[in-house]
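Subject: Structure handover

Hello,

Here is the structure I promised to pass on. Please open it first, then read my notes below.

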Amino acid sequence: MIPASFDYEVAESAEHAVALLAEHGDEAKLLAGGHSLIPMMRFRLATPTVLVDVGRLDDLRYINADNGTISIGALTRHSELEHSELLARSCPMMASVAALVGDPAVRHRGTLGGTLAHSDPASDLPAAVLALGGTIVARGPSGDREIAATDFFTGYFESALADDEMIVEVRVPASDAGWNYQKFNRRAQDWAIVGVAVADAGAGVSLVNMGSTPLRASAVEAAVASGASAADAAALAAEGLQPPSDLNADADYRRHLARVFTQRALNAAGVA
Amino acid sequence: MTMTDDPATHLDSAGHMGRPRLRREDPALLTGEAQFIDDMSLHGEIWVGIVRSTEAHATILGVDGSAALEIDGVTEVLSGADLAPLWGEGALPCAWPVTDDMRNPAHLPVATSVAKYVGDAVAVVLATSRYAAADGAAAVSVDYDPLPAVVDIEAAVADGAPLVHEDLGTNESYTWPLIPNPEAVDEAFANAAHVVSERFVQQRLIPAPMEPRGVVAAPGVASGELTLYSATQIPHILKVMTAVTLGIPEHKIRVVAPSVGGGFGCKLNVYAEEILCSALAMDRGVPVRWTESRSEAATATIQGRGQVQHIELAADDNGKVQAVRVKLLADMGAYLQLVTPGVPLLGGFLYHGCYDIAHYSFECTSVFTNKTPTDAYRGAGRPEATYAVERAMDSLAVAVGVTPEEIRSRNFIAADAFPYESCAGLIFDSGDYQTVLDKAVEMAGLDGVRATQAQRRADGSNRQIGVGFSSYVEMCGLAPSRVLASLNYGAGGWEAATVRVLPTAKVQVITGSTPHGQGHETSWSMIVADKLGIDPDDVEVLHSDTAISPTGLDTYGSRSLSVGGTAVFMATDKVLDKARLIAAHQLEANEDDLEYVDGAFQVKGTPTAAVPFAAIAFAAFTAHDLPDGMEPNLEAHVTYDPPNFTFPNGTHIAVVEVDTDTGDVDIVDYVAVDDCGNQVNPMIVEGQVHGGVLQGAAQALYEDAVYTEDGQIVTVNLGDYLVPSAAEAPAYRVASHVTPSPTNPMGVKGIGEAGTIAATPAVINAVVDALRPMGITDVAMPASPQTVWRAINEAQGGAS
Ligand SMILES: Cc1cc2nc3c(=O)[nH]c(=O)nc-3n(C[C@H](O)[C@H](O)[C@H](O)COP(=O)(O)OP(=O)(O)OC[C@H]3O[C@@H](n4cnc5c(N)ncnc54)[C@H](O)[C@@H]3O)c2cc1C
């Protein structure tokens, strides 16, 4: 398939991008790594008439640590997370999850801001940010605001971002203890059929592809907090969830997988 | 017959053959220099966009192109009826009417009244760019009146099934039996100590070569000529068929296949788009082109497999099989493409596998459904046959109470039985199946693997180990023309080659075999170089353009080396024969006293008086001093018709680990021992085995063209249709065993399809072996995690 026609603008700064978004309204879309947006345009599932390219805003490509908080620029590529020594030391889950996204070509293009804004329940990094209790910094016409990751994902491919807002930064707490990420897929390059991220020895547990958004598994977190075994806590992983059915897995099998991989992730994160 | 592990020692050459050599094709492919169809551009070209049916079966009430015509760049919208005069009576060809009463519905490039599958072309948009063509095609609205669709092949033959082709009165295309002695088969089953009876489903596969198809048709307005560029495996056959279909004189057609990015059989066809673009180009007098998109390829290009197989084995007490009985339902899809009906027959001779079985019964009924036509896909019929017999042999092993390797050993055709006449009437050329199996068993370290397996079983581990065997033999090197005639195939099976020595002693080889990834240029240059005692880099190999290589039958059925390569080999011999006469003339010696050593003729034992090849080449060119009556120049042409098929064989062993909590299958070891006869370039052989095995494993574990009950295809992109990548490939361990084929002078057999044929049953046998203690005896393909987990869950009494 080839996309429908569109106009193309290059943003010179985040402010410029936001101004262009305000000017073109909901006809416009930001283009970052393009590895979610362009496939959707090729299938004509998305037909924006204006693309605002933020992919060249290199000042938004950084990973900094300050006082126990790690700040990551929105245009930071997955491969930069994957190979960051700072993350390897201070927040290894982010690096390790980034290394499991797609294939090397995808990781060299795709950005952290893009994957969060896209809000695909099957994506990996949103679940990591969610389990870590991260924060998303959005810039709009009236300045910046912080959105807790727990409030960010509002629906299927929908986020708390307004049409004229752009993610500029993502913050996660430095955290290197008791973490694990389990990704179950059939081919290395594919999205997770089910994924489970565990941070802080089970204080943060999130699920990939188990509903319309990336999800916190609160029942599991509560059970771990009250001293339940990994097996007992994991048994609650699919509680109350309505996971999707597709060619790889129907809802029942997904629920089963969520329990299996939650237990494996908890075990690997040190929860017995 | 001697056997050895080192392919080089067999070729009796100190040269290049038998030694690994990097492919000369690769630098251009890897750097992007190679030109594919979509890289072309011709002045004044127009683009075709195809409106494809969104219905599996529907009457076309009307085509409305008004919205499309509003789009910038869209110049015309044409319905099937508008286009019909362009091809008149000419329908897309089926070259293999396997029975005299085969039903073959007329297949127009663009449907006029009824759409018969999702993807069937129903209208055409002409535009000035590819983008406008795509926008235009999306904007055409077609008014459909849906008809009931037939999707499942067993349902298609049930009473009262809706009909794909109302006028035929049935969904059956043909029934083809091969039952040399029915009474003997019945008797064998009546007296059998063990009867194994199995039903297997071969899911449909989407070939998915790296390069989708594409066509550029360029007319010569003044000359009345047509140049057809196509991403095809068969420029020669396409040329004849285009002439016949459109009534263009054959000598006015030139077909060119530029670099072609893989085919796996799906480019062995004459497609609607080739005929459509050619007809439009001739009619409008401008170049007309089309490039297939990936999602279009899911339905516009043929699919592979699609069979329901019933196989029964009758064996004695010891598990020696006396008879095999097979009934097949084969899915043709909505129409018969070029060789659609013949594909099940290519397997129809091989359902006894590599076993010495006395009695044979095979019957295939082929069925129309409202789906994309099927046709040849890597292995074509032989993977299906091998799957059925190899799965059934494992069931027999269980029934008899012996290991899979033991049941195979008890039944193999013995090494001293060759040439061996099979119960299906073929003459197998050479082989030593037991030695091949022994070698595979040794490489796999089977004792250790089985010990681990036993331990895991005892521990109730959630990582169960399974070992799967697949011993195969295939008939390839297609094919003796007379045998093809007996099967009603519409062409011969020969191949042509020209070897032309240039004045400076460089050599041009012109081959009728059409490479699209196999490395002909490298292999052919090695053959010629060794015979002439020159450097392979001094040999150019030309192909794939009917103006350069006018005679040929192209590439499929593992035929290139054993038929096309043999023609090159023989043409080089002819060149040498003439060169010898020139040398004898120059040396004033008797030609019988000459020998050819290190690229020069000398009187036997007298290296001082030698005439180098270069001197002969130049003498042939100047023609100043040739023997009386000899024609100038040094060039020879050979058309080689093989006297028999060749019969590559081997044993593959897959070791899998099944995660019983999730159903995930991991191939932890894969051993392949193949006998493809002598090897020209072992590196190419190994590459073919690697790719072939992964493609076979893909059918076992990943790939499936999924249709809904109403005939909608679900897997139209590579996110949903799971072609595995290098990351999923097992760590292959590959070895060979050589029994040269006596059928051709190089003793070669073919390796293009072997891996695909062997791997599918090896992997599934391994999965079933892992799960057998749970009472599981079969797992449907592809054995996805969900499918395997469900089987486990059901076996353990859980809900399905
Ligand atoms: C073959 C393939 C395999 C993949 N596999 C995986 C996988 O296994 N796991 C996984 O998680 N992902 C996978 N992806 C998706 C990949 O990670 C994407 O790169 C990522 O999801 C989106 O990032 P992007 O920068 O490419 O965003 P784009 O495609 O450029 O944009 C995506 C959306 O986000 C918006 N957007 C982008 N940047 C911003 C911003 N700063 N602020 C606000 N809105 C913004 C865009 O307007 C658009 O709506 C895969 C992609 C491909 C093509």
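In this predicted model, 52% of the 272 residues of chain A count as buried. The chain holds twelve helices and 14 strands. Its radius of gyration is 18 Å, close to the 19 Å that the globule rule gives for 272 residues, so chain A is as compact as a globular protein of that length. The C-alpha trace of chain A spans about 55 × 45 × 30 Å along its principal axes. Take the contacts in chain A with a separation of 6 or more: 63% of them join residues 24 or more positions apart.

Chain A has three parts. Domain 1 covers 7–53, domain 2 covers 58–173 and domain 3 covers 180–268. The C-alpha centres of domain 1 and domain 3 of chain A lie 33 Å apart.

Next, a strand to look at in chain A.

β13(A) has a partner in β12(A), residues 194–199. The two strands run antiparallel and are joined by five bridges. Gly195(A) stands opposite Val208(A) in this pairing. The hairpin of β12(A) and β13(A) has four residues between the strands. There, Asp200(A) takes a positive phi near 50 degrees.

β13(A) also pairs with β14(A), residues 215–216. That pairing is antiparallel too, over two bridges. Leu207(A) stands opposite Leu215(A) in β14(A). Six residues lie between the strands in the hairpin of β13(A) and β14(A). Asn209(A) takes a positive phi near 65 degrees in that hairpin.

Now the ligand. Which residues come nearest to it? Of the 32 residues around the ligand, these are Gly33(A), Gly102(A), Gly110(A), Gly113(A) and Gly114(A). Several elements of chain A each supply at least two residues of the shell. They are β2 (28–31), α2 (37–42), α6 (104–109), α7 (112–118) and β10 (166–173). The largest share, five residues, comes from α7(A). By class, the shell around the ligand has 15 nonpolar, 13 polar and four charged residues.

The two chains touch. Their contact takes 15 residues from chain A and 21 residues from chain B. On the side of chain A, helix α12 (residues 251–268) gives the most, with three residues. That side of chain A divides into ten nonpolar, three polar and two charged residues.

On to chain B. Its secondary structure comes to 22 helices and 28 strands. The radius of gyration of chain B is 28 Å, close to the 28 Å that the globule rule gives for 800 residues, so chain B is as compact as a globular protein of that length. Its C-alpha atoms fill a box of roughly 90 × 70 × 50 Å, taken along the principal axes. Of the 800 residues in chain B, 57% are buried. Among contacts in chain B with a separation of 6 or more, 80% are between residues 24 or more positions apart.

Chain B is divided into three domains as well. Domain 1 is 37–147 + 213–291, domain 2 is 304–478 + 644–795 and domain 3 is 494–640. The centres of domain 1 and domain 2 of chain B, taken over C-alpha atoms, are separated by 37 Å. Those two domains meet in a contact that takes 22 residues from domain 1 and 24 residues from domain 2. The domain 1 side has 14 nonpolar, six polar and two charged residues.

Where does Asp535(B) sit? Its place is the loop between α17 (520–532) and β21 (539–542) of chain B. His16(B) is 519 residues away from Asp535(B) along the chain, yet their C-alpha atoms are separated by 8.9 Å.

Over to you.

Best wishes

Methods. Residues numbered from 1 in each chain as written. Chains lettered and ligands numbered in written order. Predicted model: local features only at pLDDT ≥ 70, side-chain atom pairs only at ≥ 80, totals over all residues. Rg over C-alpha atoms; globule rule 2.2 N^0.38 Å. Buried ≥ 20, exposed ≤ 12 C-beta atoms within 10 Å, placed from the backbone. Contact = placed C-beta atoms within 7 Å. Domains from an automatic or database assignment. Near = placed C-beta within 6 Å. Nonpolar A, V, L, I, M, F, W, Y, C, P; charged D, E, K, R; others polar. Pairing = 2+ DSSP bridges.
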